[in-house]
Amino acid sequence: MENKAYANIPKEKFNFVKGRDRSHDAKLETKARSYMRDAFSRFCKNKASVVGAVIIIALVLFAIIAPFCTPYTAAYNDTYFRFTLPKNELFAQTNFWDGCSAESMNKQSFDYYYYMGEETGHNAVKNQQYQKRGSLYSFRLDSYHKTGCIYYNAEEWEYELIQQYQDETNIQVIYPTVSLSDRPSSASTRNDANYYYKTQSRAGGTEIVYDANGDIIPVYASHPVGEEGKDGYHSIRVEGDGEGGVEYEYARRTDTGYEIRINYYEYYIFYHSYYLKDGITQPSFLFGTTSLGQDVLTCLASGARFSFLFAIAVAVVNLLFGAIYGAIEGYYGGKVDLVMERVSDILAAVPSVIVITLLQLHLQNAGSVVVLFIAFFLTGWIGMASTTRMQFYRYKNQEYVLAARTLGARDRRIMFKHIFPNALGTLVTSCALIIPSMIYSEVNLSYLGIINLSSGNLTSVGTLLAGGQPYLTTFPHIIAFPSVFLALLMLSFNLFGNGLRDAFNPSLRGTED
Amino acid sequence: MYMFKYVLKRIGLMIMTFCIIMLMCFVLIKLLPIPINVGLGVDKELVEANLRARGYYDPIMVQLFSYLKRIFTEGDFGIGVNMPGYVNQPVLDAFLTRLPPTVLINVYATIIGVPIGLGLGILAALKKNKWQDHTISTLVILLISVPSIVYAFLIQYIFCFRLQWFPLMMETGTDYFSWEMFRSMLPAVFSLCLGSIAGYARYTRAELTEVLTSEFMLLARTKGLTRGQATVRHALRNSMVPIFPMILSEFVAVLSGSMIIENIFSIPGVGMLYLTSIQVVDYDFFLLLSGFYTLVGLLAGIIVDISYGFIDPRIRMGAK
């Protein structure tokens, strides 16, 4: 080789590397995607999970908003409006969601309901429409009006107040009463205020007596016109009063006040809108009422609200404790792990029913919510702990952890700054899956009556289910709405959780594209 | 030998866990005051004297010793104190008379559930990503998510009340193998097995699709087996390896999960007995039944782990 011993290389022989387009540290054109954002975008691609998330949001909104939209509370109940069927005022003229049930009865039973409406205009037979088939009458029985009239013992002031209300609104609440001798003689119907007409007793009940035209014969208590009545009544009178030289009597004097015959529907409106002024304008229950006369919608919403709040609170506490426990187990390993694992093994093997029963027996002074909270905490954190522990075993021997330790990071810093974020995705997922299972076991326990959560304004979906179960065949609506709620909740949380799990799973990254 | 050691270790651990739990239960229960609900015409002092004679007022450690002694020497788990229908009766006898309905319902649920679940899972795996698979997957998600309490109500309302195919409640009596009794058990059996059907189907589908794509399946096809032959002889067998333990443990686990179903269909089973013992606070019943449920739960866990090793020679658990 010829040795070209250049003394110096001329300047023009040099040129900059940059100009030859060989730069390796070009600035990245694309935007960096964080772990969370990546998971979120992958979650959004899964349609079923998004639907699940939407349903969850809807259910949560229902639980939050619904109690504010109804005037009722979970503590409200009205025994005369027990088992009323779901009714929406918008559907009142259709045959669906109108609070009525299709019935078929013989003439005597039918007339009992039919003449309720004839007297007061509150039609127990919807629109007084019926079809006669043979000896049977088919009609729609309005569960809001079928109580009709009742005998009610009012004190003097209340009697006056009702009359005042009647004068102001021109709505008839008090109807002419029936004297004791004219009331049905059989014990079961003796106090039935809907027999305002002539009846006779018959084997097994009371029979309506008809006149020659097939009409009923009213037997209102009365006194001749001009004579002072003993009822102290001075308000509006029903149609036909004063005809035939008699005036009807509207009350019967008792030792404590007056026994009046009132239409319960109108009395209810009076009682709530005029006397209590609690915001209830008329009885109308979107989801119907329970066997105790509670509003199903309100009970369901407040039960759901409790369930959500409770499940989230327990999940947060479990997450905190489980994560710390699992982190210590996984990070230190060895003997620490062995001992701690045994403890959680034992706790995990105890059926939660046993824990709750024992806690309840020991902490009789504490409320059932506290008992339930402790019990769910005692058994619930184990799943979280084992998830965290697994993640720690996976990551604790990686090089970057070693690097951090070499740089002098303390154990605590390594655990929670360097390793723990890796476990976050799995933990979020297990949180999403643990919330429905918590709600479900809370519902189960209160359904089985092991724990009683209903007191005052607090109630549980499980209590609602247990209360409705005996009436499954007769009034399925009591159980239907909580069941649908529960099914929707479980389904949506499952879809949501599955989507979340796939989204947080790095091994599935890019497989969908 | 590895296997043997492993099984011994697991069983030893299980027994230890069980003993600790029961010990805690025993102590916690004995710390509570003794509730005596005296019926009409029964002398309270007499009842108290009776309990005192049985050692209810001794120190807890003495009680524990005599409790264990009675169990191991006489098979005596105590007597009912407040349990309606079982006052002053041996707890074990009551438990044994209530066991058959619970076990029978579980057996029926397994007999019905396993073939349907496996069938659906196999169908879904073979028709992967076709409409059959999508239908089955949707069904599985639905059945797994909707809690059994809801479809128990649904079954009761539709099949028992509306269509009147089955009676609303289980027949009374102890003639467990008569047709009438079987028919009255069916709604409970269905509500119990729907969830496990979905579980089996999902699991089978996942396992079978994995096996179907593995390389020995390709070999089987290359050596001349038809698709059916290859699936039945090679794929199915291999996919059954993890499914079989699951069936076993599901059977055991369901035993403890049927409390709700027993309540809805008023089945006079162990679950009902347990609930009543909690409501009336009867400690001997509670102890025995808690032991039963704890054992059932522990067994369900251990069965999976152990049978994996026995069934699949590839898995050598416990091997270092």
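Me: In which order do the strands of the open three-stranded sheet of chain A stand, and in which sense do they pair?

Reply: Strands of a sheet pair through backbone hydrogen bonds, either parallel or antiparallel. In chain A, the open sheet of three strands has the order β1-β3-β2, with antiparallel pairing. Strands here are DSSP runs of E of at least two residues, helices are runs of H or I of at least four, and both are numbered from the N terminus; two strands pair if DSSP finds at least two bridges between them. The model is predicted: local features need pLDDT of at least 70, side-chain atom pairs count only at pLDDT 80 or more, and totals for chains, interfaces and linings use all residues. Residues are numbered from 1 along each chain as its sequence is written, while chains are lettered from A and ligands numbered from 1 in the order in which they are written.

Me: Which strands stand at the edges of this sheet, and why is one side of each left without a neighbour?

Reply: The edge strands are β1 (100–105) and β2 (131–133) of chain A; each has a single partner strand, so one side of each has no neighbour in the sheet. On average, neighbouring strands of the sheet are turned by 30° against each other, direction ignored, with axes fitted as lines to C-alpha atoms (for helices over the stretch in contact) and angles between N-to-C directions running from 0 to 180 degrees. Three bridges join β2(A) to the antiparallel strand β3 (residues 136–142) of chain A, and A:Arg133 stands opposite A:Leu136 in β3(A).

Me: How many residues lie between β6(A) and β7(A) in their hairpin?

Reply: There are two residues between them, and A:Gly204 in the turn has a positive phi of about 85°. Strand β6 (residues 199–202) and strand β7 (residues 205–208) of chain A pair in the antiparallel sense over four bridges. The bridge partner of A:Ser201 is A:Thr206 in β7(A).

Me: Is A:Gly240 buried or exposed?

Reply: A residue is buried if 20 or more other C-beta atoms lie within 10 Å of its own, exposed if 12 or fewer, and partly exposed in between, with C-beta atoms placed from the backbone. A:Gly240 counts as exposed because it has 11 C-beta neighbours inside 10 Å. Its place is in the loop between β8 (222–224) and β9 (246–248) of chain A. The C-alpha atoms of A:Gly240 and A:Arg501 are separated by 74 Å.

Me: Which residues touch the most other members of the largest nonpolar core?

Reply: A nonpolar core is a set of buried Ala, Val, Leu, Ile, Met, Phe, Trp, Tyr and Cys residues joined through C-beta atoms within 7 Å. In the largest one, of 143 residues, they are A:Leu300, A:Ile356, A:Ile435, B:Ala188 and B:Val189. Apart from this core lies another, of 41 residues, including A:Tyr115 and A:Val178.

Me: How many residues does each chain bring to the contact between chain A and chain B?

Reply: Two residues are in contact if their C-beta atoms, placed from the backbone, lie within 7 Å. Chain A brings 27 residues and chain B 30. On the side of chain A that touches chain B, α13(A) gives the most, with seven residues. That side divides into 19 nonpolar, seven polar and one charged; Ala, Val, Leu, Ile, Met, Phe, Trp, Tyr, Cys and Pro count as nonpolar, Asp, Glu, Lys and Arg as charged, and the others, Gly among them, as polar.

Me: How many helices and strands does chain B have?

Reply: Chain B has 12 helices and zero strands. Its C-alpha trace spans about 85 × 60 × 30 Å along the principal axes, and buried residues make up 34% of its 320 residues.
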